[in-house]
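Subject: Two-chain model, handover and findings

Hello,

Here is the structure I promised to pass on. Please load it before reading the notes.

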Amino acid sequence: MSRLLTRRGLIGGGLAIGAGGLLSGCDRLGESPAFRKILSCGEAMNRHAQRLLTDRNALAREFSASDISPFFRGNGSQNPGTGGYPEHAAAGFANWRVRVSGLVARPLTLSMAQIRSMPKRSQITRHDCVEGWSAIGKWTGVPLSLLLDQAGLSDRARFVVFRCADQIGGAPYYESIDLIDALHPQTIMAWALNDALLPIRNGAPLRLRVERQLGYKHAKYVQAIEAVATLDGIGLGKGGYWEDRVDYEWYAGI
Amino acid sequence: MASAVDKIGTGPGRPLALRHRLSTRIWHWSNALAVFVLLMSGLMIFNAHPRLYWGQSGANFDRAWLQIGSDETQGYLKIGNRRWDTTGVLGRWNDANGVAQRRAFPHWATIPSTYNLALARRWHLTFAWLFAFGLLCFMVRAFWNRHVARDLSFTRDELSPRALWRDTANHLRLRFDHGPRYNLLQKASYILVIFALLPLLIFTGLAMSPGMNAAWPWLIDIFGGRQSARSIHFIIAAMIAGFIAVHLLLVLLAGPIRGIGAMITGRELRR
C-alpha cells in the first residue's frame, strides 16, 4: 500500500466525499416524487397525532394588553395593487362585499358595515409565522361559525375555502381549513387589529384568524368564503396558494 | 503501516468481545441519520428568519439576542452588542457556482442546499418522528436490558475527586485505552446527551407548534414562551453539533476502525 494512502488520509478523504455525496444526495432525494411522498408522511402523522391526542376544542393562549407587540409586521402581500383593491381602499372599503357561498342553504353577500355590526369576539393572541417570528396582537371580528350558521352550512361541507383579493405572481391567494378549525370559537373573520380598523399590510378590510395554525393559513383581504366537500379542483388542489406552489403543509399546526 | 483488513482479521487467541447490543447499534445509526438531517434542515429553517429572541414574541422590529445578517460587503454574526465579521461562512458566502448569497448558513450546511423553507420543513418534521421514537425505544430498551444501570450509571468510587481528576488528565493526555467499560467523562456526556439534551430538543420543538401551544399550554410555559423555546432549541442543537464534533474526534483518536467496526458488528477484538 502506498505511503500516501495513510489510514487517516483515507478516512478524512472518505468523510469529505461521503459528506459531499450525502448533501447532493439529499438535494436529489428532495426532488424525487417518490421520496417526497415519504417526506410528506410527517405532515399526515403530525395532523393525525394532534387531532387524535389533543383536545380538538383547546383554545389558543390569550394574552393581556401589556403583551401586545409594539409593531405588528406584515408579510406576504402587503398591499394588493390589483383587482380593484386600490379603489376599494381609497373608498374606505365602503363597497367591499364578502360572499359566503358553496355548500350552504342561504348564500350571503355582506358589506363591511354589516359584518362589523354582527356579534364580535376580541382576542389577544400570538401570531406565529412559518419563518419563525411571532407577534402578539388584539384581533376583533365575527366568529366564522356564526357566518356559517347564518348561511346554513350543509352536512356535506368538509372544508371552508377563503378567496383573497391579493395576487402573487399573477395567481390569486387562497387558503382552506377543515371544519374542526372553522367552527372553533377562536376562529374569527377579523376586521380590527389593536382596536383600530385592520391596516392594509395586515389584510384590510377582513382576514381570517385561525389561531392554532401558522401565519400563512390566516388568509388576508378575504372576498369570498366558500364551503366545499373536497379541495379537488380548487386552485391546484392542495388547499392553498403556498401549498400548491412550494408544497407548504396544508395542516400548519406545527 | 498495516492495512485495515490485516488488523480486523482475527488471529489465533484473539476472540471477539461483545461491545454494543443490537438495540444500541440500531439506535446509534438511525439516530445518526436523523440528527444529521435534523441539524442541517434546521439550519435551512433558521435561514428563513435568522434572528433569535427571548420571551413569547419577537419579530424584525424587536430586539434579537442573536442575529446572522449581512450588509453590502460583509456577513456578520451579532450576539448582544458584539458583532463578528463572518464573511464567507455566515451571512454572506459564495454558493457552489461562485455566486454571492446573502443567507445565514451556507449551502454546504443546509438541507436542501438552496433556500427552500417548505422542503426543509418536510425533512425536519418527518425525521423528527424517527428521532423522537428512536430515542423513546432506545430509552425503554436501555432501562429494560440494564444498559443504563450497568454501563451508563456512575459507580460510587468513580465519583471521587481523585477519579474525576485522573479521568480528566487521561483525556487531556489523549489516552483513551480504557478497556470495555465507559469512563467517567464518557458516561457523563452520554447521560447528558441522551437524557437531557435530546429530549429537550423534542420538547422545545413541540413548544414551537401553535397546535401544541393550545393543547399543552404548560409546555411552552416551561421554556418561557415560544421565542425562548426557539432560542433554546437552537442553543441545544449547537451543543449537539459540538458533542458530535468531539465524539468524532475521540473516535478518530481512539482508533476509528475498531470503534466504528464495533458499532456496526457489535464486536471488538479483545485486548
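The notes below cover conventions, each chain, the contact between them, and some local features.

Conventions

This is a predicted model, so local features need pLDDT of at least 70 and side-chain atom pairs count only at pLDDT 80 or more, while totals for chains, interfaces and linings use all residues. Residues are numbered from 1 along each chain as its sequence is written, chains are lettered from A and ligands numbered from 1 in the order in which they are written, and side-chain values use heavy atoms, with hydrogens and water left out.

Chain A

Chain A has eight helices and ten strands. Both are DSSP runs numbered from the N terminus: helices are H or I with at least four residues, strands are E with at least two. The C-alpha trace of chain A spans about 85 × 45 × 40 Å along its principal axes. Of the 254 residues in chain A, 52% are buried. Buried means under 20% relative accessible area, exposed means over 50%, and partly exposed lies in between (1.4 Å probe, protein chains only).

Take the contacts in chain A with a separation of 6 or more: residues 24 or more positions apart account for 68% of them. Contact here means heavy atoms within 4.5 Å. Chain A exposes about 11300 Å², and carbon and sulfur atoms supply 57% of that. Accessible areas come from the Shrake-Rupley method with a 1.4 Å probe; for residues, only the protein chains shown count as cover.

UniProt (unreviewed entry) annotates residues 94-228 of chain A as "domain: Oxidoreductase molybdopterin-binding". UniProt positions follow the numbering used here, feature names are shortened, and annotations may be inferred rather than shown by experiment. In the model, residues 94-228 of chain A are 13% helix and 47% strand, with the end C-alpha atoms 28 Å apart.

Chain B

Chain B has ten helices and eight strands. Its C-alpha atoms fill a box of roughly 70 × 45 × 40 Å along the principal axes. Buried residues make up 46% of the 271 residues in chain B. For contacts in chain B between residues at least 6 apart in sequence, 58% join residues at least 24 apart. The accessible surface of chain B is about 14200 Å², with 65% belonging to carbon and sulfur atoms.

The UniProt record (unreviewed entry) places "transmembrane region" at residues 26-46, 123-144, 190-212 and 232-254 of chain B. The model can be set beside two of these spans. Residues 123-144 of chain B are 100% helix and 0% strand, with end C-alpha atoms 31 Å apart. Residues 190-212 of chain B are 87% helix and 0% strand, with end C-alpha atoms 29 Å apart.

The contact between the chains

The area buried between chain A and chain B is about 4300 Å², and carbon and sulfur atoms give 61% of it. Buried area is the accessible area (1.4 Å probe) that two parts lose on being put together, summed over both.

The rule finds five salt bridges across the interface of chain A and chain B. A salt bridge is a side-chain nitrogen of Lys or Arg within 4 Å of a carboxyl oxygen of Asp or Glu. A:D247 forms a salt bridge with B:R122, with the closest N and O atoms 3.3 Å apart. A:D247 lies in the segment after helix 8 (241-246) of chain A. A:D247 counts as buried because its relative accessibility is 12%. A:D247 also has a positive phi of about 70°, although it is not a glycine.

Backbone points to check

- A:F93 is not a glycine, yet has a positive phi of about 60°. It lies in the loop between helix 4 (85-90) and strand 1 (97-102) of chain A. A:F93 is buried, at 9% relative accessibility.
- A cis peptide bond joins A:A204 and A:P205, with omega about 0°. A:P205 is in the loop between strand 8 (196-197) and strand 9 (207-209) of chain A.
- The peptide bond from B:I111 to B:P112 is cis too, with omega near -10°. B:P112 is in the loop between strand 7 (100-101) and helix 3 (117-144) of chain B.

Best regards
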